[in-house]
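Here is a briefing on one protein model. Look over the fold below, then read the notes by topic.

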Amino acid sequence: MTWTAFLDMDGTLTDRSEVVPANLDAILRAQARGHRIVLNTGRSYGFIPKKVLDTVPFDGVIAGGGAYVRAGERILKNECVSDEILAALCDYFSRTDLACYFEGVDECFCMNTEREGFIPIRSYADLSGRTSKITIISARVPSLPDEGRALIERHFTYIQHPHYSEGILRGCSKASGMDVWLADAGLPLSRTVAMGDSANDLEMLAHAAVAAAMGDSTPEVLACADFVSLPCAEGGAALALDRLLP
């Protein structure tokens, strides 16, 4: 009986962007038993480290919080931020000193900061590609200022984390991405396991038949879990895969 496991990346599959070795071993064992493994990350496809995609033989990838869905080499969904919204966002962040990341399928861009692998831009005119997600670093203030938050919430689901916030395109979620992938594969939601650790995993965990949390997850994730595993760095995803997939 085939089950599908949907794994968050940061803090679940990977620790500091490195695949935890025990997790890779457990994924290979699960696939050998006939199960499917799908990466389900808030990162855009272009922001997933190539070494992660090269190391793990995923059966599918859901990225950008459900804006992008891939099965093998086939792209099942690829929803991007409109030019009008991008222009408004760039105008706002150009008037602030807040660091903003525009994450795309092929390229990623940043304003008011620098980061390896990101193309620095100063205005909308510098953008050369479409994006599917935004991430905002607001370390000097508790959360995004009201003007910026109101702008983002018109077009995105806004998620505040302890040290940053992110915007997932409205109508997209890790849960809706699951449905797109499962429909294409002809597999049921009733035999799914979701694994995560933070606030942007909550919809995915609630949607799956079984929800597994890493031992070092946020309190709200721990509260909704059917199974609490070891911390991420200790192979929490590996233990969950071995225990939950027959």
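Which residue in S4 stands opposite leucine 7? Leucine 39 does. The model is predicted: local features need pLDDT of at least 70, side-chain atom pairs count only at pLDDT 80 or more, and totals for chains, interfaces and linings use all residues. Numbering starts from 1 along each chain as its sequence is written, and side-chain values use heavy atoms, with hydrogens and water left out.

**Parallel pairing around S4**

- Strands S1 and S4 pair in the parallel sense over 4 bridges; pairing requires at least two DSSP bridges between two strands.
- Strands (E, at least two residues) and helices (H or I, at least four) are DSSP runs, numbered from the N terminus.
- S4 also pairs with strand S5 (residues 60–63), again in the parallel sense, over 3 bridges.
- Valine 38 has glycine 60 in S5 as its bridge partner.
- Of the 5 residues of S4, 4 are buried, so the strand is largely enclosed by the rest of the structure. Buried means under 20% relative accessible area (1.4 Å probe, protein chains only).

**Helix H8**

- Gly236, Ala237, Ala238, Ala240 and Leu241 are buried in helix H8 (residues 236–244).
- Their cover includes strand S1 (4–7), helix H1 (21–32), strand S4 (36–40) and strand S14 (192–196).
- Strand S15 (210–213) and strand S16 (227–228) are also among the covering elements.

**The open mixed sheet**

- An open sheet of 6 strands runs in the order S10-S9-S8-S11-S13-S12, with mixed pairing.
- Its edge strands, S10 (118–120) and S12 (156–160), each pair on one side only.
- From one strand to the next, the twist averages 25 degrees.
- S11 (residues 131–137) and S13 (residues 165–169) run antiparallel, joined by 4 bridges.
- Threonine 135 stands opposite glutamate 166 in S13.
- Helix H3 (residues 83–94) packs on the sheet, touching S8 (99–104), S9 (108–111), S11 and S12. Contact means heavy atoms within 4.5 Å.
- Helix H4 (residues 146–153) also packs on the sheet, touching S11 and S12.

**The largest pocket**

- The largest pocket holds about 630 Å³ of space.
- Its lining has 27 residues, of which Asp10, His161, Tyr164, Glu166 and Asn200 lie nearest the centre.
- A pocket is an open set of points on a 1 Å grid over the protein atoms alone, where a 1.4 Å probe fits, with protein on both sides within 12 Å along at least five of seven lines; lining residues have an atom within 4 Å of a point.
- S11 gives the largest share of the lining, 3 residues.

Key
Axes fitted to C-alpha atoms, helices over the stretch in contact; angles between N-to-C directions. Points joined across faces, edges and corners; volume = space filled by probe spheres on them. Buried < 20%, exposed > 50% of the residue type's maximum accessible area, 1.4 Å probe, protein only.
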